[in-house]
Amino acid sequence: MDILFLKFLLEIFFLTIVFLHISKKNLDAVWAYTVQSLVIVVVLFDSFLQTHNISLLFITLLVLIVKVILAPVFFARLIRKNELIFSVSTYLNVPITLIVLAVFCVMAFSDIFSPLTGIISANQELLSLALSAMFLSLFLIINRKSALSQIVGILSLENSIVAFAIFAGLEQSFGLQIGILFDISVWLIIATVFMSMIYAHFGSLDVTSMKKLKD
Amino acid sequence: MYHLELILILISFSIATLLCLVCKNRRIIEVSSLIASGVALLGSIIISLQVARFGAYAPFSFLSVDALGAVVMLIIAFVGVAATVYSVEYLRQETAKNIIGFSGVSHLHSRVREYFILLNLFMMMLFLAITVSSPIFAWIFIEATTLSTVFLISFYNKPSAIEGAWKYLIINSIGILLAFFGTLLFFSSTGSLANNGLISWNLLAANAANIDPLIIKIAFIFIFIGYGTKVGFAPMHTWKPDAYSKAPAPIGALFSGALLPAAFAIILKFKIITDAAVGPSFSQNLFIIFGLLSIAIAAAIIFVARNYKRLLAYSSIENAGIMAIGFGFGGLGVFAAMLHMIYHSFIKSALFFSSGNFLLKYYSAKIASVKGAINVIPVTAILFLTGFFAITGAPPFGIFFTKIFILSTGIKEHLFIVAAVIVLMFIVFIGFLKHATAMIFGQSSPDITPEKENIWLLLPPIALIALALLLSFYIPPFLYALLGDIAVHY
């Protein structure tokens with residue numbers, strides 16, 4: 001696949017995280033995560049086309065099933081069941097959030113992280129973008145007050161690391177990828193169950209409403 | 001001869017998990033879990049003896065145990081068997097006292113089953129994490145320890161327990177993802193997928209010189225923060241007091257006595273690769289910084305603690321800091337830090353078991369609610385007091401000597417750090433003493449009547465404290481050889 005097209009895909013990936021920061025509706029956030037995961041699927045499929053490694057195709061299919069189909073379905077069902085239309089707010093308001101995002105991007109493209117982004121010099125821009133995505137995902141987990149947004153943030157961080165690994169040539173063997181994906185699938189189920197438990201006990205997914213430990 | 005000990009350990013935990021899944025008979029669930037932990041203890045001792053005598057134990061390409069792995073295996077096995085024995089009686093008492101919320105006999109059985117399924121899975125994941133030869137598999141199994149224990153923290157199904165479990169899940173998941181990123185960066189040295197994708201610890205160490213020093217430094221920081229979250233180093237420790245205080249007492253013991261050493265061991269495995277690439281001073285400085293910060297945070301909070309399980313959690317953070325300082329100072333400090341790890345695991349687990357006994361008697365984890373324990377449950381009170389003296393480093397317990405060895409190692413090059421650590425340890429001692437004496441002595445409430453203590457709730461902590469005391473005066477030759485090997489390589 002053309003490097004420009006890969007860059008375009010990664011830019012979409014990056015924009016989904018920016019969107020996750022500013023979206024007000026839970027279902028929109030789930031859609032953004034779905035698009036983001038779809039980008040990973042396309043990039044993995046591109047790797048398969050280049051290498052003709054059949055195990056990579058299998059991994060691509062698994063990622064498609066787990067991240068593009070199952071995870072959004074789990075989240076959408078939870079949202080509909082509990083009528084969680086609107087997302088809980090952020091700690092910082094939108095303008096300050098956008099400024100922080102810009103600072104993280106500058107950091108990721110700066111010389112400080114050039115040893116990381118220069119692992120494959122031809123992919124430096126792509127790796128800088130993937131690193132920005134990692135920082136933004138981390139900030140999403142910190143800045144959002146909703147348990148659902150935190151979960152999506154963690155999954156987005158995982159997607160960003162996967163994107164970085166692909167462009168840095170650090171993909172793992174078939175067995176390991178299966179293991180990692182299995183771990184993430186179990187994590188996803190547990191996180192979804194926990195969100196239901198939080199809603200049942202606290203009547204909201206707002207993590208700031210959890211104050212039972214402050215005694 | 002085939003070396004099947006490790007496989008036997010894993011099979012025994014798998015069988016115990018399956019039996020817990022399919023059987024409804026409580027006795028079968030308990031006995032199968034006890035047998036599995038017993039097999040694990042026996043297997044760990046045999047493996048450790050072999051490693052001490054013949055060097056690394058590697059029955060298959062995907063499993064290998066070096067001296068560090070052998071010592072940590074022993075710790076996990078001893079704490080594991082004590083926690084399982086304690087769990088059996090503890091859950092029975094909680095059932096009898098209606099502490100485990102349930103809406104019928106069948107629901108109660110399912111809760112007990114759930115507990116033992118997760119306990120056995122947790123133990124199996126711990127053994128796998130420290131014995132697999134691939135860093136990525138180690139990451140998978142450390143992540144699996146989070147997944148297998150999160151429902152144990154929320155076991156009592158109270159809002160505070162859910163909150164503690166959620167914090168644990170989120171903070172540890174972030175930490176473990178950062179560790180994943182760090183691990184992938186270490187792989188940049190190996191180029192294409194070496195050895196059919198199974199990049200082992202040994203392969204990484206052999207390729208350490210090929211890694212860009214800047215990359216390895218950044219990678220090790222990610223590793224340290226990632227697995228350090230699991231260890232509970234400050235400032236990534238925030239999940240620890242919540243999770244420790246909300247989990248059932250035996251799970252708290254396993255967190256502090258088994259999970260902490262396992263995660264610490266993974267950091268140490270990356271440390272030797274980092275040291276080979278950029279020299280030891282970089283990793284040693286990180287250990288010293290995070291170690292000092294952990295002791296300082298624990299000292300600041302331990303004084304104002306209001307919950308005795310949280311108090312124990314902060315004590316774990318302090319002791320993880322002391323171990324980190326030992327590895328940071330290097331030399332004899334490494335030997336002492338490893339011994340400190342052993343003593344801490346045994347004594348802290350005993351303290352958690354004692355805290356479980358307090359909870360069963362007083363129905364509260366608040367320090368203010370526990371008064372005059374020496375008159376109410378005297379053996380537990382004496383055990384807690386002994387554990388307090390042991391964990392804070394009072395002689396003749398081994399922690400007194402390990403602290404002296406660690407500090408004397410660093411006194412020449414890090415005088416101010418040593419001085420700061422001494423002051424902070426003194427604060428911790430005074431803070432802990434204040435709480436321990438308030439709980440043990442004083443006038444108990446008239447509603448709390450003395451009662452005969454159950455032997456099965458006393459035997460595990462007594463055994464662990466006795467073992468720690470024994471090891472304070474006599475270190476078996478095989479253990480000495482293993483610790484010496486670790487001191488040379490780490």
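This is a predicted model: local features need pLDDT of at least 70, side-chain atom pairs count only at pLDDT 80 or more; totals for chains, interfaces and linings use all residues.
Where in chain B is the place of B:Tyr363? B:Tyr363 sits in the loop between α13 and α14 (373–376) of chain B. Helices here are DSSP runs of H or I with at least four residues, numbered from the N terminus.

Residues are numbered from 1 along each chain as its sequence is written, and chains are lettered from A and ligands numbered from 1 in the order in which they are written.

Confidence, then. The model has an ipTM of 0.93 and a pTM of 0.94. For chain B the average pLDDT, the predictor's confidence in each residue from 0 to 100, is 93, and 97% of the residues score at least 70.

Next, the contact between chains. Two residues are in contact if their C-beta atoms, placed from the backbone, lie within 7 Å. By that criterion, 32 residues of chain A are in contact with 34 residues of chain B. On the side of chain A that touches chain B, the elements giving two or more residues are α5 (114–117), α7 (147–167) and α8 (174–202) of chain A. The largest share, 15 residues, comes from α8(A). By class, this side of chain A has 23 nonpolar, 6 polar and 3 charged residues. Nonpolar means Ala, Val, Leu, Ile, Met, Phe, Trp, Tyr, Cys and Pro; charged means Asp, Glu, Lys and Arg; the others, Gly among them, are polar.

Now the core. A residue is buried if 20 or more other C-beta atoms lie within 10 Å of its own, exposed if 12 or fewer, and partly exposed in between. A nonpolar core is a set of buried Ala, Val, Leu, Ile, Met, Phe, Trp, Tyr and Cys residues joined through C-beta atoms within 7 Å. The largest such core has 264 residues, and those with the most contacts inside it include A:Ala130, A:Ala163 and B:Val71. Its largest share, 20 residues, comes from α3(B). Leaving aside residues up to four places away in sequence, B:Val71 touches B:Met338, B:Leu482, B:Leu483 and B:Ile486.

One helix in detail: α18 of chain B, residues 455–473. Its 19 residues reach 27 Å from first C-alpha to last, close to the 27 Å expected at 1.5 Å a residue, where the expected span is 1.5 Å times one less than the number of residues. B:Leu457, B:Pro460, B:Pro461, B:Leu464, B:Ile465 and B:Ala468 are buried. They lie on the same side of α18(B), because they cover an arc of only 115° around the axis, taken from the directions from the helix axis to the C-beta atoms. On the other side, B:Ile455, B:Ala466 and B:Phe473 are exposed. The cover over the buried residues includes α3 (67–96), α13 (332–362), α15 (378–391) and α16 (398–410) of chain B.

The peptide bond from B:Ala234 to B:Pro235 is cis, with omega near 5°; B:Pro235 is in the loop between α8 (213–231) and α9 (239–246) of chain B. Another cis bond joins B:Pro395 and B:Pro396, with omega about 10°, and B:Pro396 is in the loop between α15 and α16 of chain B.

Back to B:Tyr363: its phi is near 55°, a positive value in a residue other than glycine. B:Tyr363 counts as exposed, because it has 11 C-beta neighbours inside 10 Å.
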